[in-house]
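This report goes through a two-chain model by topic. Please look at the structure first, then read on.

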Amino acid sequence: MSEKIKDRPVQSQMDRRDFLIRSAKAGATVGVAAALGYFLHDPFGPRAPAAKPPTALPNFSVPQAGRKIAIATGSDRIKTVDAAIEALGGMGTFIKKGDRVLIKVNASFASPPSLCATTNPELLAEVTRLCFSAGAASVAVTDSPINDPESCFSLCGVREAALSSGAELIMPEPSLFTDITAPGTTLIRDWPVFTGPFRGATKLIGVSPVKEHNRSGATLSMKNWYGFIGGRRNIFHQNIHTFIKDLAVMITPTIVILDGTFSMVSNGPTGGSLSDLRQTDTMIVSTDQVAADSAGARLLGKTPQELPFIIKAQQAGVGTADFESLKPLRVSTG
Amino acid sequence: MRRAGAVETCIGVFILTLLLVIAGGIYIYSASSQKTAYRYSSIVSRVPSSVPSYLPGDLAAFGREETFGPQTLSDKIDGKADLYLATGFVKLTVKRFAKKADAKSWIELSIYQMRNQADAFSVYSLQRRKDSKALNIESAGGVSAYRTEDAIFFAAGPKYFEITSSARGLMDDMTILAKNLVKAQPRYDALKTESFFPQESLEPSSISLHIRDVFAFSGLDHVYTAVYTDRGCRVTAFISKRKNPKEAADIADSYGKFLLENGGTAAGEIADAPGSKIYKVFDTYEVVMHRGPFFAGAHEVDKLDSAKDVALRVYRKLGEAER
């Protein structure tokens, strides 16, 4: 044992100079690490205040039109949407000559129109026609399905309906997204938003189907704005009601059109079979997206209280959950 | 002072490089993974479709095959992903086929690879459409199937299949496709627990398998339910096979406590079902019992007599299973 100790190489003695050099190096390493830690430390995490100043999206409402809602009943979408818009004073109340109209559809899924998981193409074509008839200079149609937009737009019929009716189709290209913080929102902070389609647009119309939704309870007008969100947006499903409220705070449309000709009452939001649909023969058009959703909820047999995003949006001042207080203009197309 | 040797220097450089790579990876991931503006092409794994052997002759591949994992499933089916992710989802493969004579008539085949046969049956059963019709496509064991006006849904082994269509008039092709797919699957035995429900007044195709948080009780998992109609009253019966009789008794006890803690009151027992307990929960009745390794009962029944009658029939049937 003692021999082994004796045989170990003798460590050379550290002199004062070496000690100072090593101490300086160690100190520099610790200093750099501490500086990096300080520089990279995020004291707020996901709840951090916005790095950029809030960016409000354009307000597309028509103040003179006021808060209105029309509910048309009938099985023919073209007739019901025409009747509902006419009841509100006609498309000319909202669209003026030279307006550049943006229509936000639901083209989230590559599913056929018959399944009503997406905006009905015939309805889209009719709304486009009405916009042009009212004097619109241009109409653009958009959405940003995450999965394979080419297939989604084509197979759900939106592409053909838009292009054949003279509208432009705006596909979700990365360059059309901008990181923004939407004022008044809880969760939309320094997050990519599909702002490109808004450039130059003077009016915004949302056209969406009525569907049961596994997570939020329902997907109606306000949730339709989800398509304006980029990034890994499904993380917001964890706080879906607040997020839908945020979408409604962020986006003020000219009108929303809620197509409840058929409502997806089960296995939403994708459905998959005609068995998931119930014929509810209703078209809702409103300048108040909260009121529209409140009326649409009834088609799914739900109350606004069962859909917290409606109540949250009302509390945020977006609109009213008591759509009856707007004295809905009810029309029947037979 | 001794200078570091070559080996020590190499190890030091390696460790420092490794740390730098890890730090860089963390930085890149945190900066880009959730906020990348638009990233569909990078999340969908795409491979060219070949013509599968199970395809009917008048159909051709339409578009490309797509696959989705747990991280990307919601990109395909949005909010419905929750059901799958909570039930042992592994992978989704989507393929489309169109009529050779009419490309507007197309079929979408979705194959959900689940962790096991029970998980596949669970997602199948929990999405069963009302007014659907049973579909006999079984050439091997362990297949459950139904059809609607325009779609076919079935579970075979650890896979759940959906065949949906763009137009009416494709059902013949879809049925052939389903049969061919079933033939291509390995044989699996039918799940046994579902056979323990008594047949009398059982609503056809009502048997479902709930994997977790059943009846809002976090301690309850893998429960089969079936719907009965007893003298006009709808009764949901349930059965769950546990590891052993003690576990079944323990779950019955803890579920009973859960009911009492949430507004329930004791409302007697079924005389011919030893160990059974009845609870009144607001305006409905809950029967909780255990027999051998089985935890069973009746859930949220409007009429006490119907709850007791159906639960007793289940109890007796479980006695046969024990033997």
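## Domains

The C-alpha centres of domain 1 of chain A and domain 2 of chain A are 62 Å apart. The bounds are 9-40 for domain 1 and 58-332 for domain 2 of chain A; such bounds come from an automatic or database domain assignment. Chain B is divided into domain 1 (40-183) and domain 2 (193-322). Their centres, taken over C-alpha atoms, are separated by 33 Å.

In chain B, 12 residues of domain 1 are in contact with 9 residues of domain 2. Contact requires two C-beta atoms, placed from the backbone, within 7 Å. On the domain 1 side, helix H5 (residues 117-126) of chain B gives the most, 6 residues. That side divides into 6 nonpolar, 4 polar and 2 charged residues. Here Ala, Val, Leu, Ile, Met, Phe, Trp, Tyr, Cys and Pro count as nonpolar; Asp, Glu, Lys and Arg are charged; the others, Gly among them, are polar.

## Basis and confidence

This is a predicted model: local features need pLDDT of at least 70, side-chain atom pairs count only at pLDDT 80 or more, and totals for chains, interfaces and linings use all residues. Residues are numbered from 1 along each chain as its sequence is written, while chains are lettered from A and ligands numbered from 1 in the order in which they are written.

The model scores ipTM 0.79 and pTM 0.82. Chain B has a mean pLDDT of 88, and 91% of its residues reach 70 or more; pLDDT is the predictor's confidence in each residue, from 0 to 100. Within chain B, confidence is lowest in helix H2 (residues 40-43), at a mean of 38, and highest in strand S15 (residues 284-291), at 97. Helices (H or I, at least four residues) and strands (E, at least two) are DSSP runs, numbered from the N terminus. Over residues 39-46 of chain B, pLDDT stays under 50. The model has 13 contacts beyond four places in sequence for that stretch.

## Chain interface

Across the interface, 33 residues of chain B are in contact with 36 residues of chain A. Three elements of chain B each supply at least two residues to its side: helix H3 (73-77), helix H4 (81-85) and strand S9 (159-165). The largest share, 4 residues, comes from H3(B). By type, the chain B side divides into 8 nonpolar, 11 polar and 14 charged residues.

## Strand pairing in chain B

Strand S4 (residues 89-99) and strand S5 (residues 102-114) of chain B run antiparallel, joined by 10 bridges. Two strands pair if DSSP finds at least two bridges between them. S4(B) and S5(B) form a hairpin, with 2 residues between them. S5(B) also pairs with S9(B), in the antiparallel sense, over 7 bridges.

Ser110(B) has a partner in each pairing. In S5(B), Ser110(B) is the bridge partner of Val94(B). In S9(B), Glu162(B) is the bridge partner of Ser110(B).

## Nonpolar cores

The largest nonpolar core has 92 residues. A nonpolar core is a set of buried Ala, Val, Leu, Ile, Met, Phe, Trp, Tyr and Cys residues joined through C-beta atoms within 7 Å. Buried means 20 or more other C-beta atoms within 10 Å of the residue's own; exposed means 12 or fewer; partly exposed lies in between; C-beta atoms are placed from the backbone. Ile103(A), Leu124(A) and Val127(A) have the most contacts inside this core. Beyond four places in sequence, the contacts of Leu124(A) include Ile103(A), Val105(A), Val158(A) and Val207(A). Another core, of 74 residues, lies apart from it, with Met174(B), Val223(B), Tyr228(B) and Tyr315(B) among them.

## Local sites

Leu220(A) is in the loop between strand S8 (217-219) and helix H7 (240-250) of chain A. Leu220(A) counts as buried because it has 32 C-beta neighbours inside 10 Å.

Arg242(B) is in the loop between strand S12 (233-241) and helix H7 (245-261) of chain B. Arg242(B) counts as partly exposed because it has 19 C-beta neighbours inside 10 Å. Beyond four places in sequence, Arg242(B) touches Glu247(B), Ala248(B), Ile251(B), Pro293(B) and Phe295(B).
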